[in-house]
Amino acid sequence: MSENKIPVSTTSDAVHQVDNHEVESAVRWVDQSQSEKVNLLGMTYDQLEAFFVRLGEKKFRANQLMKWIYHLGAESFDEMTNISKSLRQKLTQIAEIRAPDVVSMKTSVDGTRKWIIQVGGGNCIETVFIPEDGRGTLCVSSQVGCSLDCSFCATGKQGFNRDLTAAEIIGQVWIAAKSFDSLRQGADRAVTNVVMMGMGEPLLNFDNVVSAMNIMMDDLGFGISKRRVTLSTSGLVPQIDRLGQYTDVSLAISLHAPVDDLRDQLVPVNRKYPIKQLLAACNRYLATCADKRVITVEYTLIAGVNDGTEMAYQLADLLTDLPCKINLIPFNPFPESDYQRPSNNAIARFKDILSKRKYTTTVRTTRGDDIDAACGQLAGGVKDRTRRKQRYTLSHELRREAQEQELESKIAGMIRNK
Ligand code: SF4
């Protein structure tokens, strides 16, 4: 850990970082527990300690609870045989271990799995597991929908309902790990990497995302290395700076364009935090990491929009001063979008230019396309509070009607000219 980070307490080699207000809220939960059960899933180590101290118990109970929940997948206090019967009964009365409900789990022909998870109020989120040689990456959602409106993203078109709680975020990892029956730490675990790259902008749900990531990395939690936990952001500059004060997970940015004019259209938040400011924030973030890191630059390639060779040269020039690797993501079509995926030749040309400029460049293979789990396709079920979904559905229908009319008049013209 960098010495710049917020001071931490440790119970293992893992890092426990916490805001004071997290502990206060844990204490508040205990106070409220008369009427409502406290959900212990999603509490950081420090919050659990505060919880047990408030109950008049020893701090080490937090250690026991975390092992039961995250190493052994316990869902009820009755299973916790190294905890006294009286404490188990007390916990059953005031607390619970509650993950959100799984509505469905689909498995793609390529082994990708997608869960649709219900989070109340008629809202659903999506979580995707992508198996690869030697690792398994879980793409986790942070919000129900997204308040930002990136033009190439299915989530953005759904509008926004609310932030997910820390329990709902870590619950996605818990559900996935349990579905593989591999909660135990070690070489055989299924989820080796987590990317905060599902539905939502994680930095707009800062506290809950940081708490959940701490549990992912905690040895008493999922014990995943900080290099294998990646937060992907559309580029919220102040929050990137704030993140650097709390943690040093890997950072990815959704860049998608080498110039502001185009990025303003693709990633509207660029109007507030233009590219130059974003790259400066990335370098500041790297400076807070104690070890050598690079930023992952994500670039969705859209046919005729940002996939030209000129753009590849501009991108190579732009990133000269940023330690980074580049991940090219061929656009994955979805119903509300008219964008097209580029040809394989265009993708190869773009990559080649960057590789020749010595950038480590990968092209993300489309996975889980048959179950709508590919990158940019996550839609869930969002009770939209922004009316954006309605607007997009309407404009998509109008566009489709216009296209049908155009086609009909073309056919009529051809028939007349025969
Ligand atoms: S790309 Fe990310 S930030 Fe942009 S709309 Fe989609 S979920 Fe939100």
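Colleague: Which residues surround the ligand, and what makes a residue count as near a molecule?

Modeller: A residue is near a molecule if its C-beta atom, placed from the backbone, lies within 6 Å of it. The ligand is surrounded by Cys-146, Leu-148, Asp-149, Cys-150, Cys-153, Thr-155, Gly-156, Met-199, Gly-200, Glu-201, Ser-234 and Ser-254. Please keep in mind that this is a predicted model: local features need pLDDT of at least 70, side-chain atom pairs count only at pLDDT 80 or more, and totals for chains, interfaces and linings use all residues. Residues are numbered from 1 along each chain as its sequence is written.

Colleague: How confident is the predictor, by mean pLDDT?

Modeller: pLDDT is the predictor's confidence in each residue, from 0 to 100. The protein's mean is 86, and 80% of its residues reach 70 or more. Over residues 1-20, though, the pLDDT is below 50.

Colleague: Why is His-256 called buried?

Modeller: A residue is buried if 20 or more other C-beta atoms lie within 10 Å of its own, exposed if 12 or fewer, and partly exposed in between, with C-beta atoms placed from the backbone. His-256 has 28 such atoms within 10 Å, so it is buried. Its loop runs between strand E11 (250-254) and helix H9 (260-266); helices (H or I, at least four residues) and strands (E, at least two) are DSSP runs, numbered from the N terminus.

Colleague: And is Lys-358 buried or exposed?

Modeller: Lys-358 has 8 C-beta neighbours inside 10 Å, so it counts as exposed. You will find Lys-358 in the loop between helix H12 (344-356) and strand E14 (361-363).

Colleague: What makes a set of residues a nonpolar core?

Modeller: Such a core is a set of buried Ala, Val, Leu, Ile, Met, Phe, Trp, Tyr and Cys residues joined through C-beta atoms within 7 Å. The largest one here has 102 residues, and those with the most contacts inside it are Leu-48, Ile-170, Val-173, Val-194 and Met-216. Helix H6 (residues 166-179) gives the largest share, eight residues.

Colleague: How do you know where this core lies?

Modeller: Domain 1 (20-96) and domain 2 (101-386) both give residues to the core, so it lies between them. Those bounds come from an automatic or database domain assignment.

Terms used: Contact = placed C-beta atoms within 7 Å.
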